[in-house]
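Open the model in your viewer and follow along. Each stop says what to select and what is there.

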Amino acid sequence: MKRGRVNVTSKCHGFASTDGRIKRHKPRPLGLSLSQRLVKDWGNLPHHVVLQIFQYLSLVDRAKASSVCRRWNEVFHIPDLWRRFEFELNQPATSYLKSTHPDLIQQIIKRHAQHLQYVSFKVDSCTESAEAACNILSQLVNCTIKTLGLISTARPSFMHVSQSHFVSALTVVFVNSKSLSSIKIDDTPVDDPSLKVLVANNSDTLKLLKMSSCPHVSPAGILCVADQCHGLRELALNYHLLSDELLLALSSEKHVHLEHLRIDVVSDTPGQTHFHSIKRTSWEALVRHSPKVNIVMYFYLEAEEFEPFFCEETPVTHLYFGRAVSKAMLGRIGLYCPRLVELVVCANGLQPLDEELIRIGERCQNLTAIGLGECEVTCSGFVEFVKKCGKRLTQLSIMEEVLIPDNSYNMEQIHTEVSKHLGRLWFPDMMPTW
Amino acid sequence: MVVNSVHWFRKGLRLHDNPALQEALDGADTVRCVYVLDPWFAGSANVGFNRWRFLLESLENLDTSLRQLNSRLFVIRGQPTDVFPRLFKEWNVTRMTFEYDSEPYGKERDAAIIKMARNFGVETRVKNSHTLYNLDRIIEMNNSSPPLSFKRFQALVQRLELPKRPLPTVTAEQMDSCPTPIAHNHNELYSVPSLEELGFKTAGQDQAVWKGGETEALHRLNRHTEKEWMASYERPRINACSLMASPSGLSPFLRFGCLSCRTLYYKLRDLYMKANKQITPPLSLFTQLLWREFFYTAATRNPTFDRMTGNPVCLQIPWDKNPEALAKWAEGRTGFPWIDAVMTQLRQEGWIHHLARHAVACFLTRGDLWISWESGMKVFEEMLLDADWSVNAGSWMWLSCSSFFQQFFHCYCPVGFARRIDPSGNYIRRYIPKLKDYPNRYIHEPWNAPESVQRACNCMVGVDYPKPMVRHAETSRLNIERMKQVYQQFSQYKGLSLLATVPIIQEEAETDTSVPAASRNQTCSNDAMESSISSVLSHRKRERPAELQCSHSYIQPKLQCSGLDKHPHRSQQQQQ
């Protein structure tokens, strides 16, 4: 409700004007309260004030606000509000979630492509959605993107896009941005030539590259990245791309300290037992160069396929076994993984893991997190393990079914005993028994 | 003044421990026991053959028991809002009684009925006996919000007094003082319908493995020795026998109310104390009953409990829509014998062991198919005898890691898990006869058997039995990443630890007084995470405008209700 426009700047009446004459007050209408006299025109708020407020609003609310008046519409299009955008591309037939409106997408491409800096695409399992993402990418010609993420939220639909279409779209961004620092392209058909283009244009700025499960990349392709991008701090790839040369390249003098290295170990064919090995000296070089590096390994192998791993000291810090892992393997981890910080075991066989666990508690002095599902551990063995780790265990997650009560402890007692040693309240994870 | 009572059976299909029924009899001149049946339900896909059969058997049993007391059950066809006005007039009803229904739709329906009854001058008396405790009391004890973790729930329950003692069965004397007027044509008007009448074909159907009714329930309760009870209620170590329908299984009877949960509670308690020199039993003795209670409590004030969109306690996970894959799972055609055997047992018999439920739920949602838990919930609703609204929805949310702060790293492998539980493969051979000749080595993964073996077993994979519909290694890899993506948004934890992506529940750490105060503060090393969680949790209590109904405000709320099709029967008040 407007009571008449009051200029924001004329707050004080009665000060002498510049020519010295005292201005007379205009007679005020009777009955107006103070607040009514000081009503400002919301449409005349300074841009930076509206901008601040808009930054707290969701896109939907902002968009609605932008149709209120011209100034608010101008603010809506200020570049600062368009630095970060997440395109959501979903089809009703394959997803419960809504999609970014096509008109909005058009607007962004037309007016804000050059403002975008932190961009991600979330696509559902429909190939159309991934193709739409590629189409948008191809149009971001005048961009200065720093962060790019291609995320499939269900099935890896980027893999079904034609490789040439994908690669050419991605190359548009690689070539034009020239200051890419962070790229997430897991589960995409990216290939060696695209990586070459990436490196040619962004070698100074690239800090993070996540490309797990990109089957068209070869070890040589990723080596090229490590050789040229000396600022690379985080890298995620599959084991078949890992090589001694890669580790050495990441440890060269010119290279910054590596912070995260994530390696997914997946068998291409079932029963694959041959995995190339990495020399111990290469690992040592890496750790020497980057003493604080976190090495994360996710294993998706069958129990028999583990033979080549952990035969000698491996500087892994975070280990995840996504399928069954053998007792023998867990024993080896106790022996050869002194830097271990987190261990998560999805499943194991039917024999108690007491010994292996206790050894891990003893030898892995940096262990702070452990998760066990579908294994068996006796209660005494478990308590022994917890005693060895003590308060450094900040995450302890074990399914209730895993613990086997014995003569020393039953299920009631284990919770108090473990809580005592951890210095906090602890319970095993439960599943509904209904 | 003449008191003509009507007792309305919905659940609580029993004469023992039925406080509401006792209220109907109390000082009444006549009493009639009524069950309102909406025949429309029979056509709806969401109540399957076994559930109908169980219900009708339970009603028949009630009728038989009432006959022995010179009364009858009146089964009225129609909807309560239409049926009751007519009956109130016809029978000159002055009092109506029924057992309290804690589910949100039930409460809404009952509020309307009570109001309508008042207009007819009918007094309504409602008593709580479907749950052990008064659920609202538990919620109030927890700062007016339902506990989000089972441990928290147990801690609250421990502070309560024991549940009310079960009331004895209605006696002939009681019924004699308030007889039931039975018309000559009672059978025409008010008898329990048959399955055929509801449109089911019964020719060729197997004998029911689970026979409905209060008599059967009490028979099961009393038939077994102490040792057997204690054995089954102590730590249930799974083996192949546990997978089969147990003659002492009680969950369907608890769901329909053929057995009172309080009766079961006290039976367990008394048995334990007798066997253990009168020591008070630990809470763990009642775990199964408490899980049921937990889900009822979580659901009672949340009408959106059975959905993802708009449900404040459910994570918004980008599940896939894939009707073909869903059908394969539901019909037991996944190509994984363990999954298929479980779904076959479910379809044929109406009950599966809880670990089997975990396995198939994990397979459908976060383990392999990445399909929404709502779809799985609806399939269970149709086929599972003990699935009711609260417990079914709650379990599915739990098993799909959509709620209740569950760690998501453990995934049931459809082969490995099966080998542990059913090493001999007999369970699979029983429910998938096509595979019966397969040797133990290959029965859980027939696709790995050499062709010669397959031919010898008269069952070629891909022809006689489906190929596995997914590669488990691949799907589990993808799905753990998806779950991580979801949880990292929710908890804002973006570090490397897989375990830390699931936030710790602050409330648990603060309330237990057994842990010394100093150590209570050392719960989580990440202060920022704690404050974000508690603000998220408190955020959940606030009313949010409809379009912003999603997890929290930190991320841009881009998720809007896509208008998931509501089931047609939801708008009818679902009674069973």
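What area is buried between chain A and chain B? About 6700 Å², of which carbon and sulfur atoms give 56%. Buried area is the accessible area (1.4 Å probe) that two parts lose on being put together, summed over both.

Before going on, note that this is a predicted model: local features need pLDDT of at least 70, side-chain atom pairs count only at pLDDT 80 or more, and totals for chains, interfaces and linings use all residues. Residues are numbered from 1 along each chain as its sequence is written, chains are lettered from A and ligands numbered from 1 in the order in which they are written, and side-chain values use heavy atoms, leaving out hydrogens and water.

**Stop 1: the interface**

Select both sides. Chain A gives 75 residues to the contact and chain B gives 75 residues (heavy atoms within 4.5 Å). The rule finds four salt bridges across this interface (a side-chain nitrogen of Lys or Arg within 4 Å of a carboxyl oxygen of Asp or Glu). Now pick B:R420 and A:E376: their side chains form a salt bridge, 3.7 Å from N to O.

**Stop 2: a salt bridge within chain A**

Select A:E307 and A:R332. They form a salt bridge, with the closest N and O atoms 3.2 Å apart. The pair links distant parts of the chain, 25 residues apart: A:E307 lies in the loop between β8 (294-300) and β9 (318-324) of chain A, and A:R332 in helix α12 (residues 327-336) of chain A. Helices (H or I, at least four residues) and strands (E, at least two) are DSSP runs, numbered from the N terminus.

**Stop 3: two helices in chain B**

Show α15 (residues 287-299) and α20 (residues 389-399) of chain B. They pack at an angle of about 95 degrees, with their axes 8 Å apart. Axes are lines fitted to C-alpha atoms, for helices over the stretch in contact, and angles run from 0 to 180 degrees between N-to-C directions. That angle makes α15(B) roughly perpendicular to α20(B) (65 to 115 degrees). Among the residues that meet are B:W291 and B:F295 in α15(B), and B:V391 and B:W398 in α20(B).

Terms used. Angles under 35 degrees count as roughly parallel, over 145 as roughly antiparallel, 65 to 115 as roughly perpendicular and the rest as oblique.
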